[in-house]
Amino acid sequence: HHNYLFSSSFTDFWRRINIYWKDFIQKIVFNPLYFATKRLGATGSLIVATLVAFAATWLFHSYQWFWIRGEFPIVWSDVVFWLGLGAVVMVNVLIETRRGRRRTLGREVRTLRQDVVLGLKIAGTFTAICVLWTIWSTPNTAELGFVWRAVLNSGPADMAVLVGIPLLVGAAGVLFGGRKREGSAKVADAGPFWRQAATVTAGACGFIAVALWPALLNPVSPRLAHMVRDMHHGMVLNATDAERFQRGYYEELTDVTRFNSELWQVYAVEPDGWADSPQDRMRDDAIRQDYVPNSIGEFKGATRTINSHGMRDREYPVVPGPDTFRIALIGSSHDMGAGVGDEETYENLVEDRLNAELGPETGLTYEVLNFSRGAFSGTQKLAILKDRVLGFQPDLVLVSVTAREFRVLFKIDQLEHLVRQDLLDGFPAVAAAMDEAGVGFDPDALRADSEKVEGALLPHAPDTLQKLLEEARDLGAAQGAWTALLIIETPTDSPELVERFERVAAVGTAADLPVLNLQGAFAEILDRTGLWIAPWDAHTNAQGHRMLADRLYGLLLEQELVPAEAGFGN
């Protein structure tokens, strides 16, 4: 590279960035093609050679992903970026061909007017490249829409930053961006080689020392030292990366690591077969996935025992015994206990504590039946409530969700399954949301336009979730069971997500349900990665399950959802 942010045109950018790559493409693709198409004329040859050169660049970039991951990505952002960059470079090449590039052997003396024009050119090129990079690194059009709406909603201070930074880059380019022709054998005034080598080595050693001992930065900035310490321990995700990490699990996305070194670092170290399990089986009904009954296997590093009813739990009779208070839990992977032992799940811990502390007082046996399954969506939870849960005659049903429930409510694979199997009539709230959003009911189109579908349905998530919860409440009440909304905290939930918990809780309140909000269960933990089951997997570990169990136990008593005195059922 050679100060590519100081480029004054797109061709200048192409000459400055990845010089070795530009030389490769020019020698292997551009030059042979240019001379092979001379019959088209100089302009025609330039157009063909330039566009093919950028198409080859896209091809080789995608091949890198194929070589690493076995998948050849063809995504809209790649097409827009490389065609866009190729088009503007081609236009610049044609302009330079007609006007010629100014060349001089000596140092060019510029006027103030020329400096101003040069600075504006650098600022404009910088802005255009940033726009193209934004498009290239944005995973879907819905997220890109959020970016542009944020730009349009910018206030005066925001606009000052958006305009000021490119202008500062332009000014810096005028002052410091002087360029030597790449490939020149002479490096002017660079000094002796040993001085350059010593400077680079000393700087590298300084970075290594700070990385190994972040406390060295405390005299300069304790905050900087803390940041380096977090980077040293790794796997510290910001809110956006945590969102993508969660979506990557729930929606089985394959591109969440693109242009994101933190997420790549998380996924790259996952052992082969980490999430594979012969205990999973597919169904044709709305539940779609469940577990093979009476099976024992290894899943995410822990033994997972499935009972005779297909639950990851202890063995229970279908009909509860006398003097039994039965709780049914319907959730997803954090509730099922991915990556922890059979006896370490928070629901088993709560059951044990209820029997140890309240059992002697009430004379009751407390049971918590875990009907949770990894990546369960709202429709799957309602389906298993109808199909299986109510048959076990629970006294209390806990429907567990996370603060990101709105994002995973309309899982594309589940919507596609419901439409393809003609099961959508069983979920009128979902069908109504799809109709209002105008996404259509073609299963192939749902899959093909998944990003557009998700973006269109997201505004309907709160109302749809409320209707699903109301149906669950009414189904339970018809058999004499209370229903409550349980909002669990996960290790990727940063303390700043309070608003999301409150929004989900408001939906539960609107559905006339008691709300058990576990947000704050991990408040005393500063580094949430310590609650992950593995450095590459953010499911809640045994320590996190104990903390969730403590908070849930307290809320069950506080809201009087479990009998704490003798006389239940009389």
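These legends describe close-up views of a predicted model. Local features need pLDDT of at least 70, side-chain atom pairs count only at pLDDT 80 or more, and totals for chains, interfaces and linings use all residues. Residues are numbered from 1 along each chain as its sequence is written, and side-chain values use heavy atoms, with hydrogens and water left out.

View A. Helix α5 covers residues 112–137, 26 residues in total. Helices (H or I, at least four residues) and strands (E, at least two) are DSSP runs, numbered from the N terminus. From first C-alpha to last, α5 reaches 37 Å, close to the 38 Å expected at 1.5 Å a residue; the expected span is 1.5 Å times one less than the number of residues. Its buried residues include Ile-122, Phe-126, Ile-129 and Trp-136. Buried means under 20% relative accessible area, exposed over 50%, partly exposed in between (1.4 Å probe, protein chains only).

**View B. The largest nonpolar core.** A nonpolar core is a set of buried Ala, Val, Leu, Ile, Met, Phe, Trp, Tyr and Cys residues joined through side-chain atoms within 4.5 Å. The largest has 53 residues. Among those touching the most other members are Phe-371, Phe-410, Met-434 and Leu-469. Helix α20 (residues 461–478) gives the most to this core, with 5 residues. Beyond its neighbours within four places in sequence, Leu-469 is in contact (heavy atoms within 4.5 Å) with residues including Val-399, Leu-485 and Val-507.

**View C. His-539 in strand β11.** His-539 belongs to strand β11 (residues 537–540). At 5% relative accessibility, His-539 is buried. Its side chain makes polar contacts with the side chains of Ser-333, at 2.8 Å, and Asp-537, at 2.6 Å. A polar contact is a pair of N or O atoms within 3.5 Å; within protein, one must be able to donate a hydrogen and the other to accept it, and residues adjacent in sequence count only if both atoms are side-chain atoms.

**View D. Trp-21 and Phe-24, an aromatic pair.** Rings of Phe, Tyr and Trp (its six-membered ring) pair if their centres lie within 6.5 Å; planes under 30 degrees apart count as stacked, over 60 as edge-to-face and the rest as tilted. The count comes to 16 aromatic pairs. Trp-21 and Phe-24 form a tilted pair, 5.4 Å centre to centre with 45° between the planes. They are 3 residues apart in helix α2 (residues 19–36), so about one helical turn separates them. Trp-21 is buried at 17% relative accessibility, whereas Phe-24 is partly exposed at 35%.
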